[in-house]
Amino acid sequence: MSDKSSTTETAKETIARLRANRQQRSEVATEVPQRHQSQNILEAQTKQGAKRASKQSGGVSTVERKRAIHAITQRLLHGELTQGQALKTLRVEVLGLTQDQYANLVKVSRKTLSDVENDRGSYKTDILNRLFKPFGLKVGIVPISTSVTWLL
């Protein structure tokens with residue numbers, strides 16, 4: 001077996017690792033309320049700038065993941081993030097996966113994922129839906145005015 005195949009994680013192994021991380025994190029009680037913690041994480045990420053996924057980056061608990069997805073979706077709807085920035089933030093912060101791992105998981109090429117995250121090119125709805133599906137999101141019609149998003 002080559003070194004490359006021994007260090008590459010399959011989608012099933014990634015999911016198993018994420019579930020194990022989630023279980024560990026759910027067993028640990030935190031002192032900071034969950035809502036404020038996810039907001040603080042997002043604010044810290046914005047101050048730090050771009051963040052990369054690494055082997056050391058872990059997943060988040062189910063509650064934290066849902067709150068982070070909601071917060072990122074709201075920022076996207078309010079025009080604070082582009083679609084690509086939102087996808088990258090979700091991939092790195094919610095799942096903690098590299099581009100290669102996530103591309104394998106959603107069955108797209110790493111180049112396609114990179115292009116979407118960097119807001120290059122225009123892709124069909126089915127490709128974008130495949131990229132956002134792990135987060136319970138899909139592409140749709142969005143209000144032009146941010147004043148309408150308060151309903152969401």
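I began with the side chains of Glu117 and Gln99, which are joined by a polar contact of 2.8 Å. The model is a predicted one, and I read each value below as computed from it.

I then looked for other polar partners of this residue. The side chain of Glu117 also makes a polar contact with that of Arg91, at 2.6 Å.

Next I asked where Glu117 lies. I found Glu117 in helix α7, which spans residues 110-117.

Is Glu117 buried or exposed? I noted a relative accessible area of 4%; because this is under 20%, Glu117 counts as buried.

I listed the neighbours of Glu117, leaving aside residues up to four places away in sequence. Glu117 touches Gly84, Gln85, Leu87, Lys88, Arg91 and Gln99.

I turned to the aromatic rings. How many aromatic pairs does the structure hold? I found one. The pair is formed by Tyr102 and Phe135, whose ring centres are 5.8 Å apart. Their planes stand at 25°, and since planes under 30 degrees apart count as stacked, I recorded the pair as stacked.

I placed both residues in the chain. Tyr102 belongs to helix α6 (residues 99-106), whereas Phe135 lies in the segment after α8 (125-132). The pair therefore ties together parts that are 33 residues apart in sequence.

Finally I checked the accessibility of the two rings' residues. Tyr102 has 0% relative accessibility and counts as buried. Phe135 is buried as well, with a relative accessible area of 6%.

Definitions and conventions:
Residues are numbered from 1 along each chain as its sequence is written. This is a predicted model: local features need pLDDT of at least 70, side-chain atom pairs count only at pLDDT 80 or more; totals for chains, interfaces and linings use all residues. Side-chain values use heavy atoms; hydrogens and water are left out. Helices (H or I, at least four residues) and strands (E, at least two) are DSSP runs, numbered from the N terminus. Buried means under 20% relative accessible area, exposed over 50%, partly exposed in between (1.4 Å probe, protein chains only). A polar contact is a pair of N or O atoms within 3.5 Å; within protein, one must be able to donate a hydrogen and the other to accept it, and residues adjacent in sequence count only if both atoms are side-chain atoms. Contact means heavy atoms within 4.5 Å. Rings of Phe, Tyr and Trp (its six-membered ring) pair if their centres lie within 6.5 Å; planes under 30 degrees apart count as stacked, over 60 as edge-to-face and the rest as tilted.
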